[in-house]
Amino acid sequence: MKKVTRFFWFCSGAHIETLKKYPIEHNKYVGIGATIFFTALFACMSGGYAMYFVFSGNVLAPVFALLFGIIWGLAIFNMDRYIVASINKQGSINMQILQATPRILLAIMIGIVISRPLELKIFDKEIRNKLKGAYLKGQTRKIDTLQKTYKQKYAMEMGKSTELKKEKDSLERDINRSRVQLNQEVFGDKNDQTSGIIGYGTYAKQKEGILTEKQNRLKTVTEELDRLEQYLGQRKDYEGLNSTRLFSNVQLDSLANVAGFSDRNWALGQLAFREDGSKDLDTYMAQSFIGYLFILFECLPVFVKLMSPKGPYDVAVAKIAEANIHYADRDKDKEVIVTDNLFDHQVGADIERKKKIITNQSDYDFEQHSYE
């Protein structure tokens, strides 16, 4: 139990040796330290989860996720610990709030960053459905674009194909009528189109010639239409129309499973909107409250430190800080005095040395001087 208590004291950024002297403050800093620790734990989980999807499909994805999660959790832990430990309780309430404002803003940003990956996991099922719908719509738009492009590029050939089909249908109907009329002519059925004379006479031969001419034309049209349709079919393969199909349910499941962090984050944002573009307040509120919860959780250590009254530990830490500052000032004065004395001594020594040099040089010059 003592080890756990000391660990949470460490997490709170408190000076442990000073805190030990004031038992009334122990629980407060255990609570602050525990909040910082669990915030870092959530950050580790969310960072690792986010990195897992960044490297999704890679066999080393779990390793990268674990490594990044630990690093991210430690970074958030260190930042939270500094934020709480740096709040000074010696000033007025307004001064403390002003001092804590940038730290609260930083805590809000950290809360948002932490909450997003966890929201991705919480709404995983809804995100998958949204991604499936988006992928299906994207594939539909792709097929529509391919078809539109194909129709624009081969409009002349498709128009000619349509004309040939119409001509073929018309010829087939005419040939059927001509065959009926030929049979009626041969068997002597009298009507507006036949002579009524039985046998294979002049009129029958004329009708047979017309029928043969239409059949030959039908053969030509059919061959030309087959060649044109074969060409258009090859063009469809080349343009990708024949190979592009709507995704099956199995393919959609597979695509949703390998979706990256960016796609999942986009899908999470789209959950707050219905198909018609209107806001889905239920989903929006659920997402918002999860984000607010983590923001509050991240800001909680700062709020606890601000709301708690100045205790004996805060006074003791302030006195220790004053003592350390005084010691630093006195240490500076000592170093200044020592430096000044050393400098003065060095100057004096240099003066004496140079005097001796000048004296010796003068004596030498005097001895070497000749008066004769």
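Predicted model: local features only at pLDDT ≥ 70, side-chain atom pairs only at ≥ 80, totals over all residues.
Tyr292 is placed in helix H11, which comprises residues 281–307.

Helix H11 also takes part in a helix packing. The axes of H11 and of helix H5 (residues 93–122) come within 7 Å and cross at roughly 145 degrees. The crossing of H5 past H11 is right-handed. Among the residues of this contact, 17 are nonpolar, five are polar and three are charged.

A further packing involves helix H3 (residues 26–54) and helix H4 (residues 61–85), whose axes lie 7 Å apart at an angle of about 150 degrees. Because angles over 145 degrees count as roughly antiparallel, H3 is roughly antiparallel to H4. A right-handed crossing is found for H3 and H4. The contact of H3 with H4 consists of 17 nonpolar, six polar and two charged residues.

Technical notes: Residues numbered from 1 in each chain as written. Heavy atoms only, no water. Helix = DSSP H or I, 4+ residues; strand = E, 2+ residues; numbered from the N terminus. Axes fitted to C-alpha atoms, helices over the stretch in contact; angles between N-to-C directions. Parallel < 35°, antiparallel > 145°, perpendicular 65-115°, else oblique. Left-handed = near helix turned anticlockwise from the far one by under 90°. Nonpolar A, V, L, I, M, F, W, Y, C, P; charged D, E, K, R; others polar.
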